[in-house]
Structures are given as C-alpha cells and as structure tokens.
Amino acid sequence: MSDEELAKDLGPLAALTIGVGTMIGAGIFVLPGTAVLRAGPLAAGTFVLGGVIALFTALSASELGTAMPKSGGAYFYINRALGPLFGSISGWANWLGLAFASAFYMYGLGEYVNTLVGAPALSVGPLFLEAAQVIGLVGALLFIAVNYAGAKETGGLQIVIVLLLLAILGLFTVVGLLNAELASLRPLAPPGAAGEVLPVTAIVFVSYLGFVQITSVAEEIKDPGRNLPRAVIGSVVLVTVVYGLFLLVLLAAVPNDLVAGNDTAVVDAARLLFGQYSLFGFDLGILGWGLLLFGGLLATASSANASILSSSRINFAMGRERIVTPSLNEIHERFGTPYKSIALTGALILVFLLGGNLELLATAGSVLHLIVYGLLNLA
C-alpha cells in the first residue's frame, strides 16, 4: 500500500459513533451540577442551545469534508482556504488539543476505574504516579494499540462502546420518566437564571467538542460524499437530543437541590431512582449506581478512543504537507494505518498523562479546540 492511501474501513455507523462517542462524556456526567446551580431547570435549554450553535460548525465541516475528503479534517480545509500560516496554526492546535484531550479522558477513565475497584499508587524512583494516572497509562496503551492495528478495529470498538452507553442513558431516562413530576421544573427560570443562559451555554459547549473529528478520518470513510455529512450532522443532532431529554428528565425526577453543584449528580440520582425498586429482595439502587458509573467509564473510553484515532490522522496530514517530517506518512503494510503518526501521538499522550492534572489537561484541550473551530468557520 502506498503512503498516499489509507484503507477505507469506516462505514456510516462507525463514522457516526466516532462523533457521538467523542462528545458524550463530561457533558452529561459532570457538567449538569454546574449548569443547574447557575441556571436552574433552564440548564436543559443551555445544552440544547449549545447543540444548535454546534450545528452551524457541523454544517461548515460537512460542506468542507464532502468537497475535500482528506485525512486531517479541519487542518486540511483551513490550510487550503486560508493558507499555510493558518493551516499550520490549526494543525498544531488540533493535533495537540486532541492529544491533551485524550490524556484528560484517560485520566478520567482512571478516576472512574479507581472509584469502582480501587488501585494502588505507584512510585518509580523520583516519579510518583497517582492510582488514576497508573490506570490511565494502561488504558492509553491499550487504545493506542487498537488504533495501531487499524481503523476498522477502532471503528468496531467504538460502535460497541457507544451503543452500550446509549442503552445505559436510555434506561436511566425511562426510569426517570416513570418518576417525573412537572412541579419539579418550576420555577423554570429562577431569579437571575435568564442572565446565566449564555454564560452557562459557553461552559457546556465543551460537551460538543468532537463532531469535527469525524472529518479527520474522512479519507477512511466509505462513500464520504454521502456518509460524512450524515455522520457529522447526525452526531450533533443525536447528542443534542440525548443531552436535552436526559437533563430534562433528571430535573423532573429528582429534587433540583440534589443536582445543583453536585459533580456526581447523575450517579447519585441513579441510586435514588433505582432504589425505589427491588427484585427478589435486592435493592436496585446499587444497580443504578453501578450502571451510571459504568456509563461514565464507557464515555471516557469512547472519547479517548475516537480522539487518538483523529489526532494521529491530523499529524499524518501535516506530514503530507511537510509541516512535520514526511516520514510520518508511512503506512503500515499489514494494517494500512499511519503507524508512525499513531506512535508519536501516543507518546505525547503518555507524556501529558505523566506530567499533567485533570484541570490543566481539560483547559489546554478546550482552548486549542476553540481556536480550530473559529478558523474552520472562517474557512
């Protein structure tokens, strides 16, 4: 296989789940507490508004991706439309932003696993690693290996993870609907909440950083002219509906005080709602708690898996343009993947995991993404 050809292994469902899986993460498992604290029941509207705003960028990405289905996505389009300077800025920002985000997701994965089963910290000479970092490093190595083996394997894993995650969120929504009371949504706009809508929307918008990454693997999507825009736009619409409905049901089913300012509100709400039921004398509250905790684990895993896949393709495209060494273009003879790009991106993720913390990794990833999105719409 030549170094200009990537295997077209991603079908429409795999492409869709790359976007959905990257987006469904902190947005639904962490941010509701902050959003409800500031905007009350209007928080559900802020997630929907964020999705509508993301849809405009999705339309830009779909148009450009259909016209130029090349590996690298936003970097490639900005480079062609605005010139090499802005192309270089977007390429480095997107690549490093995804590497930071991948490290953040792996750190989050470590936190979830540590909560579920517990793990010891590790000390190697002067290097001290928290339990979450140790688990994150193991998870990162696993996902890097899966991406190294091929986009088909990555896409297949992504489909399984996302379908399981949506099933868990769907089950929670059904149980929530059975216990929903409209009175819990009143007042819809507490005093001062209306003025918080736009600021809160800006906060929760980080939940939609992911759909553009579908364009990064456009070259590996079967029939991209048809499947790419469906995947990009479809992922934003689907995630917006999931976010809006999920949060609305959450606020109608449990007291708002339980959610406001609570970073583990979703897990706590699951324990409360499922705890009203029992099966053969077994309290289902523990089941609900475990399911949503497992859902958070799946969310971080899917985000990391999709981000590693996308970031390595951006690095690969930069090699084509000689912004970085062209040797990164080399395609593995057996797997049909840019294995050098994946290895380099993987090494960066491991370094960021070793030296960063959750707040630093999340902030760096978000800021770099926003730079790329601004340039993409300009393009």
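Let me start with Ser-62, which is buried, at a relative accessible area of 5%. Keep in mind that what we are looking at is a predicted model. Ser-62 sits in helix α4, which covers residues 43–67. Setting aside residues up to four places away in sequence, Ser-62 touches Leu-228, Pro-229, Val-232 and Ile-233.

One of those names, Val-232, comes back when we turn to Phe-211. With residues up to four places away again left out, Phe-211 touches Gly-19, Met-23, Ala-54, Thr-57, Ala-58, Val-232, Ser-235, Val-236 and Tyr-373. So what does Phe-211 belong to? It is among the residues with the most contacts inside the largest nonpolar core, together with Ile-24 and Phe-172. That core has 111 residues. Helix α14, residues 284–320, gives the most to this core, with 14 residues.

Next, Ala-99. Is Ala-99 buried or exposed? It counts as buried, because its relative accessibility is 0% and the limit for buried is under 20%. Ala-99 lies in helix α6, which runs over residues 84–117. Apart from neighbours within four places in sequence, Ala-99 is in contact with Ser-311, Ile-349 and Phe-352. There is also a pair to look at here: Ala-99 and Leu-353 are 254 residues apart along the chain, and their C-alpha atoms are separated by 9.9 Å.

Leu-85, Phe-86, Ile-89, Val-367 and Ile-371 make a nonpolar surface patch of about 440 Å². Which helices each supply at least two residues of the nonpolar patch? They are α6 and α16, the latter being residues 358–378. The largest share, 3 residues, comes from α6. From the other helix, take Val-367, which is found in α16. Val-367 is partly exposed, with a relative accessible area of 45%.

A loop residue next. Asp-223 is placed in the loop between α10, residues 213–216, and α11, residues 224–253. Its phi is near 45°, which is a positive value in a residue other than glycine. At 45% relative accessibility, Asp-223 counts as partly exposed, since that class lies between 20% and 50%.

Let me finish with the protein as a whole. How many helices and strands does the protein have? There are 16 helices and 4 strands. The C-alpha atoms fill a box of roughly 60 × 50 × 40 Å, taken along the principal axes. For 379 residues, a compact globule would have a radius of gyration near 21 Å, and the protein has 21 Å, so the value agrees with that of a compact globule.

Buried residues, Ser-62 and Ala-99 among them, make up 55% of the 379 residues. As for contacts, take those with a separation of 6 or more: residues 24 or more positions apart account for 81% of them.

Definitions and conventions:
Residues are numbered from 1 along each chain as its sequence is written. This is a predicted model: local features need pLDDT of at least 70, side-chain atom pairs count only at pLDDT 80 or more; totals for chains, interfaces and linings use all residues. Side-chain values use heavy atoms; hydrogens and water are left out. Buried means under 20% relative accessible area, exposed over 50%, partly exposed in between (1.4 Å probe, protein chains only). Contact means heavy atoms within 4.5 Å. Patches are made of residues with over 30% relative accessible area and no salt bridge: like charges are joined within 9 Å, nonpolar side chains (Val, Leu, Ile, Met, Phe, Trp, Tyr) within 5 Å. Accessible areas come from the Shrake-Rupley method with a 1.4 Å probe; for residues, only the protein chains shown count as cover. A salt bridge is a side-chain nitrogen of Lys or Arg within 4 Å of a carboxyl oxygen of Asp or Glu. A nonpolar core is a set of buried Ala, Val, Leu, Ile, Met, Phe, Trp, Tyr and Cys residues joined through side-chain atoms within 4.5 Å. The radius of gyration is taken over C-alpha atoms; the globule rule is 2.2 Å times the number of residues to the power 0.38.
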